[in-house]
Amino acid sequence: MSPTLLFLSGLILLGAYCAYRLTTAGAKPSPSQWVTGIVLLGGLILDNLATGMATKGLLICLLPLLSFWILMFFGRNHLPSGGDWIAMIAIGLSLCLSYSIYHQAIGAYESGDEFFYHQSEGNIASFEWIAFTNPDTGERTPWKLGFWIDSLTAIMLMVVAGISFLVHLFSLGYMKGEENYSRYFGYLGIFSFSMLLLVLTDNLFVLYICWELVGVSSFLLIGFFINKDSAAAAAKKAFLTNRVGDLGFAIGLFIVYNNFHTFSIREIFDALANGAMADSPWTLTFMGLGLFCGAVGKSAQFPLHIWLPDAMEGPTPVSALIHAATMVAAGVYLVARLFPVFNDTAFLVIAYIGTFTAIMAATIAITQFDIKRVLAYSTLSQLGYMVAALGVGAYSAALFHLTTHAFFKALLFLCSGSVIHALHHEQDMRNMGGLAGKTKVTFITMLVGTLAISGVPFFSGFYSKDKILAGALEMGMINPHHAIIFIALLLAAGITAFYMFRLIFMTFTGKPRDRHAWEHAHEGPWTMQVPLVVLAILAICSGWTHLGLGGFFQERVVPWGTEAQVATHHADAPTLFTTAAFAQEEGTAVEEHSAHGEAHDEPVANAAAMHEEGHHDVQHTAHVVAMILSILVATSGIILSALTYWERIRVIDPAKCARAMGPVYDLVYNKYYVDEFYARTFYRGLEIVRNVLARFDLRIIDGIVNGAGRVTVFTSGKSGRFDLRVVDRIVDWIAEVCQHYGQRIRRVESGVIQDYALKVGGAFGTMVILWMIVRSFFIGA
Amino acid sequence: MFDFIFFVFAFVCVGSALFVAFTPNVVHAALGLASTFATLAGFYILLGADFLAITQIAIYVGGILVLMLFGIMYTHNIARVSGEQVMMQVGPALLVVVLTLFTLVATILSTAWPAKEVGPPQPTADRIGVLLLTDYLLPFEVAGILLLVALVGAVVIAQTPVRKSIEESID
Amino acid sequence: MVGLPHFLIVSAILFSIGVFIMITRRHGIMMLMGLELILNAANLNLIAFSRYVETGIRGQTFAIFVIILAAAEAAIALAIILSIYTHSAKINLDELTSMKE
Amino acid sequence: MIEEAVRFVINIPFALFGSEAPEWLVFVHVSLLYGGVFMMAFISVLAFGSVWAERKVSAYMQARLGPMEVGKYHGCLQTIADAVKLLFKEDILPASADKPLFTIAPILVFAGSLMSYVAIPFGPTLKVADLDIGVFYILGTSAVVVVGIIVAGWSSYSKWSIYGGMRAAAQYVSYEIPTALHLLPIIIMAGSLNLIEIADQQKTILTWNVWPWINPFATVSFIMYYVASLAETNRTPFDLAESESELVAGSHTEYSGIRWSFFFLAEYADMFVVSALGVILFLGGWHLFPIPVIGPFLAPFIFLFKALFLMFIAIWLRWTLPRLRVDQLTYLCWKVLLPFGMVTVTGTALWQLYFYKTTVGYILGTVIAAATIWAMIRIYKSEPSPDRRPPMVRRDRMAATQ
């Protein structure tokens, strides 16, 4: 069963279900229901309508922007039902077009062709945006904008547009009746626009702009409940924390432009392949770390992770969209897209930061009680996984995990949203329990998501996580002093299983702790259930190697050009680290294929064949070991969790454990005091610096200014006296003289016009007589 | 006959102008001015400028003189109907004017004017019209604009504020 | 035989009388009359020249423009005089001394 | 012919002394004969006739009989009897009046009217002077009347007089503009200011300038011109200057006897002048029949008939329409007649360029006229809403309640 058929059948099933609901929903279905059904049923037609790749790309990103503008200007007052159907149409069409691109990518994969599209090579000339001219040399440097569409973009488009669409659908039910309903959909629109353009563009500068736009829309969405102080504070915190990362990103961009004189990703890669910066490894390192800083901010890696848990103040669908699936994946996408730019040192830093984030967030998640917070820390942990995978070179594993994680984490968030909705905005797990019977759909789908994230076999998370662990293990086997990465990631996997099942048990099993809320608990409307089901199916299937996306990832997702090019580039790099990592990755691919008995494609075989035979053993061993260990760890985590939190077989009292752990528990419960640490160090330090500067300003600069003022006052006093006594006397004397004679002369000017006429006439007559006299005198002479 | 009519007109013209200069009554002066204008129109006919003559009557007598009469009536109470006017500095003025007149007349008489044989007068209206719309089109348009500006300006200057007048009428 | 100098002399006399009125009269409208006399004297000159000196009728065209100017000037001047009268109830221009020191 | 006769008679005493009469003397006598005798006689007869007509017409319109006693037929000598009475009345001069002006004012008024008659042709040959600028001349001379009216009002030393005089003068001056403006289309069409030339361009009844197929704008202009000329002659509904309920009798309140009769004559003379002008410019002058067989003998009668018909309409209107207020008068002049005048002048210029006496023009003009008449009938027949009033009235009310 090919992925195309899967997607098709899924859409048709979904459309049929929606149509069924529409026909039975009642006398008057709302416009949004109609639109949803129509879009889902007829969306695939668009696949054949928009043929040009660039046209598709433009439509994909501009449709949500259009919906944003319409909703911002006309949404609340001028459109029926707040204009949510406009957002639905826009994102629905975007999804269909994205699927059309994805479809081409899959087709290329199945026929063994290379799938790559760049606008400057395509049928449409790239668009020259602005040009700088060097005044000295007259050299003209154009900045060209365009699209860069390869299999990575195709995957990201599907993830972003798909989850965005499902979140839109979910929000129809979840946000019903909220104040600023249409503005919410407008915000979703601009978020979708910026995220889609971010994955589409071929230009670092545009990517940076979209990066900031994503930040802004995230700010708007987190602070959507503007009346809540905590929401406003969380929005501010997220925005400012991102600024720190974006500063690093900007510095990275400066270095990029300074060295390559272009922002075009393709040209940068070309220059790198030609060995542009081979002799300045430290610049390359800093450039990579700067760019990674941006990823740290957006993907909430360790030093800047503090904003993500607070961002849960936003509406839950937003959390699912932004803070679980798409926006936080932007950092991972950035590192993946710019993979050839980083060098070994940078990769090492990336790997350790990811690992630390993964383990740290996992431990925190154990102790939290807020259902969304648990999920938020879980997200942190999984993002750490991806970043660590990138760091160790498990490139396709990281993207694979990104995809599967997007689906099951979005599912988990939407499920938690459903739970919160059912319990009338109760978020504390200590007040939940026993919901399994009341909300069956939510329970089942959330269980699926949990199984997926815990790494239980045959669920998608198992495959992707297993690949990451294998990559880390292989790296550890080649470089034993970096084996700690693998151990930490393994531990984190176990903890993940533990706390996720803790969440399930506390929420859905046992006796209801809040009887009143439990009695009123109810399942959400169908618009909320449909996304859950769809996402649950995706959470199961997307990992199946030859059914879903997994196989696709094995071979085709490469950042640039063919695998051979990338491999060659990295093989040329002098250190063992990168080479090994890449060898591992390619090897995994090969192994995966042979394990499933498929004949692998020709270019892959070629690429793999370029590496040493010895690596195959390492890879094989690593994969098997990692698989066994990961199943083991996950199972033990689930069992431990059941023993602790499932009331039927409870053996361990969590409260006692907490008390036994004592200060360690406090440390973890308070999130390692990172926020407090920042408050004490950075904020306080800033305060101290500020005070010093203020004192400097007050005493020295102001003193200089005041002294200058006093000197001026003194001088001007002297000067004033001189002016009064000497200069003014002279002036007055002149004025008096003028006045004296003026009084005499002014009598001529009587103000009576007849006098003037008389005087003019008299003057005229006198002159004529004089002239005649003179003339007669001369003529007479 | 031409000479006879000229001298009659010249006599009436200068006489009525002197009347304007020396009469103490403003309204009488205005009528004297009307007489001057009318005789000037006669001069124009004598000079073959029939169009100018009618224009003189229409504009000066029908327009400007009526305006002046209006001005006089607006600025003089009906009880002061005689409108006695005092003259000032008559002596110096006479001196200056006689001096100027002497100069002018002396110049006119001492100049050798070209002696041109004048034919019978031709109709002028069409020729003036052609000139105004060809050679003098720009001055013609400018004059039109000037008249419009003068019209609006005169209204603006002379009007009393409407609201004020309404309030007064209510009171 | 009446010729050009006759008209010019009449025009000169009219001009002088106009100047005389301008100098001796205090009344605003009377001064305006003097002004009109001066303008008419100029007109008479123009037309006489156009008859006796120039072959065409350009002098008459100039006279038309002078008449237009006179009309505009009379309208504005009378409006000003009326405005002055409504403000200060004075018609003799030498009595308007409020701007004087 | 007349000039020769005069020359012959004047030369008789000179011939006794063996010399010849100077040319100027002949000129003066001819002028006196034309202006003083012929025209005075004509105006007097006209005035007597029209006063009698006015009395009788108004009487019939009000279902009365009017003068019936003097003369055998319907009091046809009543006016002459009145004239005789006026001639023998005492000539009163108010004590505080400005005597020279009081004396000169009626002469000025009457002279202004009389001057116009010089230019009016009563037929292709019966005329005093064939002026090249006839239309302009009549417009210019009528300005002299204003001076007379103002002087009359001023010199009477009476507030009724001065109010009436100033009202009349203002009305006269302001309505001269639309009058002249609405004559312009005809001048544009004719390309001449000569009245005889203009009249001779309208040979048959179908080519009168007033007809819409010749120029629809000229039709509009004719109506507007007639309204404006009514205002210029101080006829009802524009007789504000002598509205007896407000101002006794306007500028000639203080006059009596022969002086008053000059004003009286001048009024009817003026009426005839504007009517004659309208007839010559718009209604074809002395041309009537499709085939121009009118000899010089019949022409003056046709001309007089048309002019007197227009005067009859003026009399008819007098007993039909109520008097306007001052603001309505001004409104009509500046906001109705003047803008329409500009439109008709511009439109005539365009019409002259493209449609004048072309087949398309004939058809177009007829269609426009027919459509306008149809629309006016529809508007006339449609029931007006009860609170529908002319906009002027409503604005005044607003101003009054402010």
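## Chains A and B in outline

How many helices and strands make up the secondary structure of chain A? In this predicted model, the secondary structure of chain A comes to 31 helices and 4 strands. Chain A has 781 residues, of which 55% count as buried, and its accessible surface comes to about 33,200 Å², with 67% of that area belonging to carbon and sulfur atoms. When the contacts in chain A with a separation of 6 or more are considered, 80% of them are accounted for by residues 24 or more positions apart.

Chain B, by contrast, has 7 helices and 0 strands, and its pattern along the sequence reads α-α-α-α-α-α-α. Of the 171 residues in chain B, 43% are buried, while the chain exposes about 8,600 Å², of which carbon and sulfur atoms supply 74%. Among the contacts in chain B between residues at least 6 apart in sequence, 61% join residues at least 24 apart.

## Patches on the surface

A patch of another kind, one of negative charge, gathers B:Asp126, D:Asp130, D:Asp132 and D:Glu197 on the surface. Of these residues, D:Asp132 lies in the loop between helix H4 (99–117) and helix H5 (134–155) of chain D, and with a relative accessible area of 38% it is partly exposed.

## Salt bridges

Side chains of opposite charge can pair when their charged atoms come close. Over all chains, the count comes to 16 salt bridges. One of the pairs is formed by A:Glu313 and A:Lys228, whose closest N and O atoms are 3.3 Å apart. This pair links distant parts of the chain, 85 residues apart, since A:Glu313 sits in the loop between helix H12 (307–310) and helix H13 (316–325) of chain A, whereas A:Lys228 sits in the loop between helix H8 (204–222) and helix H9 (229–260) of chain A. A:Glu313 is partly exposed, with a relative accessible area of 24%, and A:Lys228 also counts as partly exposed, at 36% relative accessibility. Elsewhere in chain A, a network of salt bridges links A:Lys237, A:Asp310, A:Arg373 and A:Asp675.

In chain D, the side chains of D:Asp91 and D:Arg259 meet in a salt bridge with an N to O distance of 2.8 Å. Here too the pair links distant parts of the chain, with D:Asp91 in the loop between H3 and H4 and D:Arg259 in helix H10 (residues 257–282), 168 residues apart. D:Asp91 counts as partly exposed at 37% relative accessibility, whereas D:Arg259 is buried, with a relative accessible area of 13%. Another salt bridge joins the side chains of D:Asp327 and D:Arg325, at 3.0 Å from N to O; D:Asp327 is partly exposed at 31% relative accessibility, and D:Arg325 is partly exposed with a relative accessible area of 37%.

Most residues other than glycine have a negative phi. D:Ala63 is not a glycine, and yet it has a positive phi of about 60°; D:Asn234, likewise not a glycine, has a positive phi of about 60°.

D:Ala63 is found in the loop between helix H2 (23–61) and helix H3 (78–88) of chain D, where it is exposed, with a relative accessible area of 73%. D:Asn234 has its place in the loop between helix H8 (216–232) and helix H9 (244–247) of chain D, but this residue counts as buried, at 10% relative accessibility.

## Two residues and their contacts

B:Thr124 lies in the loop between helix H4 (90–110) and helix H5 (125–133) of chain B. Is B:Thr124 buried or exposed? Its relative accessibility is 1%, so B:Thr124 counts as buried. Apart from its neighbours within four places in sequence, B:Thr124 is in contact with B:Gly48, B:Asp50 and B:Phe51, and also with C:Ile57 and C:Gln60.

A:His520 is found in helix H21 (residues 515–520) of chain A and is partly exposed, with a relative accessible area of 42%. Residues up to four places away in sequence aside, A:His520 touches A:Ala422 and A:His424. The C-alpha atoms of A:His520 and A:Lys438 are separated by 9.3 Å, although the two residues are 82 residues apart along the chain.

Terms used:
Residues are numbered from 1 along each chain as its sequence is written. Chains are lettered from A and ligands numbered from 1 in the order in which they are written. This is a predicted model: local features need pLDDT of at least 70, side-chain atom pairs count only at pLDDT 80 or more; totals for chains, interfaces and linings use all residues. Side-chain values use heavy atoms; hydrogens and water are left out. Patches are made of residues with over 30% relative accessible area and no salt bridge: like charges are joined within 9 Å, nonpolar side chains (Val, Leu, Ile, Met, Phe, Trp, Tyr) within 5 Å. Accessible areas come from the Shrake-Rupley method with a 1.4 Å probe; for residues, only the protein chains shown count as cover. A salt bridge is a side-chain nitrogen of Lys or Arg within 4 Å of a carboxyl oxygen of Asp or Glu. Lys and Arg count as positive and Asp and Glu as negative; His and the chain ends are not counted. The place of a charge is taken as NZ of Lys, CZ of Arg, CG of Asp or CD of Glu. Helices (H or I, at least four residues) and strands (E, at least two) are DSSP runs, numbered from the N terminus. Buried means under 20% relative accessible area, exposed over 50%, partly exposed in between (1.4 Å probe, protein chains only). Contact means heavy atoms within 4.5 Å.
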